[in-house]
Amino acid sequence: MEFLRPRTWQEALAAKAEHPSAVPIAGGTDVMVEINFDHCRPTHLMDLGRVPELHEWEVGSATVRLGASVPYTKIIERLAPELPGLALASHTVGSPQIRNRGSVGGNLGAASPAGDAHPALLAAGAEVEAESVRGARRIPVEDFYTGVKRNALADDELIKYIHIARADGPQQFSKVGTRNAMVIAVCAFSLALHPARRTVRTGIGSAAPTPLRARAAEDFLTVALEEGGHWDSGRPLPPSAARRFAELCAAACDPIDDVRGSAAYRRRAVGVMARRTLGWTWESYRGEERSTRCA
Amino acid sequence: MAGTADTTAATGAGAGARTGTGTAGATAVGARTGTPDGVGASARRPDGTLKVTGEFAYSSDLWHEDMLWGCTLRSPYAHAEIVSVDIGEALAQAGVHTVLTYDDLPAERKNYGLEIKDTPALAHGRVRYHGEPVALVAADHPETARRAAAKIRVEYRELPVVHDEDNALAEDAPLLHAGREDDHAAHVPHPNIVHRQPVVRGDADAAARRADVVVTGTYQVGMQDQAFLGPESGLAVPAEDGGVDLYIATQWLHSDRKQIAPVLGLPEEKVRMTLAGVGGAFGGREDLSMQIHACLLALRTGKPVKMVYNRFESFFGHVHRHPATLRYEHGATRDGRLTHVRCRIVLDGGAYASASPAVVGNAASLSVGPYVVDDVDIEALALYTNNPPCGAMRGFGAVQACFAYEAQLDKLADRLGMDPVELRQRNAMAQGAVMPTGQVVDSPAPVAEILRRVKALPLPPERQWEAAAEGGRGAVDVRALPGGLSNTTRGEGVVRGVGYAVGIKNVGFSEGFDDYSTARVRLEAAGGEPVALVHTAAAEVGQGGVTVHQQIVRTELGVGHVTVHPADTRVGSAGSTSASRQTYVTGGAVRHVCGLVREEVLERGRARFGAHHPAWTSAELLLEGGKVVTSGGEVLASLVEVLGDEPVEAVGEWRHRPTEPFDLTTGQGFGHVQYSFAAHRAVVEVDIELGLVKVVELACAQDVGKAVNPDAVVGQIQGGTTQGLGLAVMEEILVDPSGRVRNPSFTDYLIPTILDTPTIPVDVLELADEHAPYGLRGAGEAPTLSSTPAVLAAIRAATGRELPRVPVRPEHIVDV
């Protein structure tokens, strides 16, 4: 196994073009496990630790440009107001040591359906900026996941940034695991209210071959909120609508039975998380509305 | 902490109950100086600082110049015929020094085993479980060894897999071990049964007719792993005399050696063993792992060979806790008196016997729990299957039974409309009670009292997630909720449940086993100070045995400075660090040998100074604070003066009182030397919609006879409690129907984190057992028993579900 250590982004792209099978490594929290368990033996390992822009982030007016290697700890500490859903998801990643090393870029590169960042990215709205010596492109995150542990990157591409929409309303993230910390998701759910556009978005993890949005549920909820005048009134949805939303989220799942849980349980749990996160986000939306009006 | 050294003295643990209690300073005539950090003090561990700072050398840190690395090739199948093995390509790889298979085993004996020698050192013609060792490689780099092992071509032909009771005991079942000649072969009803032990007492049928209420249940316990942190590892160094020196993490050096030497074709004295740093054991190191393999490679290559399993291999490298199916019937009169118990306990022993026969004996003899039941009909057995071999794990057969009988007691209480604790107390055994085996419990058995104590504790406040939260009204601290940081609830769906359980565990090796230990103690003057050396072969696996040995020497010889010699086979056997027995038995040996040393010191003192002071011959003399003193406190001489230039040294064996085997058809017999008891109250919050559990508190009360080191005792109780919690809600090795292990990693074999570990208030009772040194009672295992059923009882209380299986999974709780 050869170890590549590009100093700059350009060097990294050149190295990746030269060695398309090279596996990029940043925090190593996923790649090293794969290597240690002998699940993969890459010909080349490319350490991106010295490429400065991957560790930086920039808060713009509408989006946050997140460097692929920015560790979860930084997202929790520095970006919670802009990216509340992702910050909550980051909290559930591994242990403090893992959160100090692991990054969203790694989650996307591995593209495991159980990656904790995915549901939050889907719900917030995000684009993955991939680049190669051929040029750069931005891939909507919902198009990024192409199969179990497969993504839309070409062999010569690297993830540089993730452009994530800044929260314009409350966001939530919930994850079910059989342990109260340091656990891989049995399934996960994220919900973002987007009052500016009067829409909602969802993200489901670990309940289908890829992370996905529950589009029918989003559409249902968007219409229900609009038609009921809820965005303006702040009134909570009728329980029947919340139930329907939860059912549609559960129906969006395509889970399997595995060592972590059964398919039936995953579907059930996604429904419960959808109902609860809807309650929590709507409660804080009302709170914000109220305080805005008072001010 | 209840009780101190005075308790022991007052309850008469004999002359040995003199205890230095660490109260230093009193020098007036008549007051005794004592020796600090003796028995009863929370003396600090000699290895504590090194372990906390990460500097302690574990067996995986061993290193030798020119050493090679060994690697094991394991079977990918649970049951298969080995058609051919081709090592050519592996052997040809640069850096590879040797490749060994069954054909290379040097001696007549090819098999080993704790009780039954049924385990091949390397597979011969057939593999019986997923992960069975087939071939070995030694190379100059671990990665080279691993790659070479992957190049060994083994052709397998898969065989039908024996995976449960039905297909193990079918008439045409494939036999795991045909032509058995072991001690149990003659009495088992089927050759796929390792051992079967009935316990029959009274007349269960007649008693059942007196019952007003009868409850039955079938319970299941999953396969728990010891999950010790230090993986199997060791270093074998070939010696010039043709023997081998083995540095190894194990629980019992001499038992290892007895199994290793014949397979190497060496006399035992040519296999010299030294204990390397052990990172936990919990029973998982009672069987051999890489011991024979490393020695074979070292002897073949003439070079030191190190082997270290990684976590993945470790899951295949040691036995696990027996999964069990337990069918129980309990009867009671309307006033809550147990009439009878019938039960059948089927343990899955996997492919090789390991400790299965003894686990069966425990499960059978302890199957009724700490209750008085005169009429019982009990049967316990262990199967041979193609599942992973199972053997010793903390609680050893008593854990499985306790989960079932405690669920039954709750069911019975519910049927009787009676408080579950009251029902237990009404049937609780006490000193003088008769076990189902006919054995009279002849030391304190405070079963009702420990239940009373956990019940009397105030309950933790409700809705702690609100109290714990910062940020004012409406804020929640998710860490106090089911799901924890995963943020699944703010209180929605959360229901509290409270549950109780109590258990009984035997201490020491049972059923007639000659359970002894050996100690060597030397006392000498060095640099104007008396110093002692204590040398045993007892394996320090993290439990604090080394601390206890120092404390005993301090108390018995009145010497502050005590060095613990590394454990090795240059001294006689200490027996196993298991069965909650080391403080009892090796502690007993150290104390006994200290007595021999003391007598010789006093003899020497009398010879040298007897003429100067009449007390030398007339008074009872003690060694305290580095001096010879009268029982009245008068100092006669310093130890340094008495010892002069010549050390005093003694070696001796010590054994607990004998036990006897259980009768093969009735299970009657004085089978256990001592019993220990713990009770738990579990308080849980259950998210009944998601099936997630937060254990809020697990209070424990346990009688330890005498807390030789109170801090260590509490540590043992908290650790055992947590391990029981793990079995209750998460820990399980999953094996598919083809016998393959599905989750051999800490990614999917989950053990509790600190966020899963509740507050564990511990109430330690010290009711001396007059048969035991210092009155102590083995403490390490009992808390592992009752913790699991207490948690399940609490979850049942919260959910109303039957939950007859552990570990309970979210889908069981929400029932999808």
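Trainee: Which residue is the bridge partner of A:Phe3 in E3(A)?
Mentor: In this predicted model, A:Phe3 is bridged to A:Leu45 of E3(A). The strands involved are E1(A) and E3(A), the latter covering residues 44-47, and they pair in the parallel sense over 3 bridges.

Trainee: What is the strand order in that sheet?
Mentor: The order is E1-E3-E2 in chain A, an open sheet of 3 strands with parallel pairing. Strand E1 (2-4) and strand E2 (23-25) of chain A are at the edges with a single partner strand each, so one side of each has no neighbour in the sheet. From one strand to the next, the twist averages 25°.

Trainee: Staying in chain A, how do H9(A) and H11(A) pack? What are the angle and the axis distance?
Mentor: Helix H9 (residues 215-227) and helix H11 (residues 239-252) of chain A pack at about 160°, and their axes are 8 Å apart. An angle over 145 degrees counts as roughly antiparallel, and H9(A) and H11(A) are therefore roughly antiparallel to each other.

Trainee: Left-handed or right-handed crossing?
Mentor: The crossing of H9(A) and H11(A) is left-handed. On the H9(A) side the contact is made by A:Ala216, A:Ala217, A:Phe220, A:Leu221 and A:Ala224. H11(A) contributes A:Ala241, A:Arg244, A:Phe245, A:Leu248, A:Cys249 and A:Ala252. By class, this contact has 10 nonpolar residues, no polar ones and 1 charged.

Trainee: On the peptide bond side, is B:Val806 to B:Pro807 cis or trans?
Mentor: The bond from B:Val806 to B:Pro807 is cis, and its omega is near -5°. B:Pro807 is placed in the loop between strand E31 (805-806) and H21 of chain B.

Trainee: H21(B) again. What does H21(B) give to the side of chain B that touches chain A?
Mentor: H21(B) gives the most to that side, with 3 residues. The contact as a whole takes 29 residues from chain B and 28 residues from chain A. Strand E29 (692-703) and helix H21 (810-814) of chain B each supply at least two residues of the side of chain B that touches chain A. By class, that side has 11 nonpolar, 9 polar and 9 charged residues.

Trainee: How many helices and strands does chain B have?
Mentor: Chain B comes to 21 helices and 31 strands. Its radius of gyration is 27 Å, close to the 28 Å that the globule rule gives for 816 residues, so chain B is as compact as a globular protein of that length. Along the principal axes, the C-alpha atoms of chain B fill a box of roughly 85 × 75 × 65 Å.

Trainee: Last one: what do E25(B) and E26(B) form?
Mentor: E25(B) and E26(B) form a hairpin with 4 residues between them. Strand E25 (residues 627-630) and strand E26 (residues 635-638) of chain B pair in the antiparallel sense over 3 bridges. B:Val629 has B:Val635 of E26(B) as its bridge partner. In the turn, B:Gly633 has a positive phi of about 100°.

Key
Residues are numbered from 1 along each chain as its sequence is written. Chains are lettered from A and ligands numbered from 1 in the order in which they are written. This is a predicted model: local features need pLDDT of at least 70, side-chain atom pairs count only at pLDDT 80 or more; totals for chains, interfaces and linings use all residues. Two residues are in contact if their C-beta atoms, placed from the backbone, lie within 7 Å. Ala, Val, Leu, Ile, Met, Phe, Trp, Tyr, Cys and Pro count as nonpolar, Asp, Glu, Lys and Arg as charged, and the others, Gly among them, as polar. Axes are lines fitted to C-alpha atoms, for helices over the stretch in contact, and angles run from 0 to 180 degrees between N-to-C directions. Angles under 35 degrees count as roughly parallel, over 145 as roughly antiparallel, 65 to 115 as roughly perpendicular and the rest as oblique. A crossing is left-handed if the near helix is turned anticlockwise from the far one by less than a right angle, and right-handed if clockwise. Two strands pair if DSSP finds at least two bridges between them. The radius of gyration is taken over C-alpha atoms; the globule rule is 2.2 Å times the number of residues to the power 0.38.
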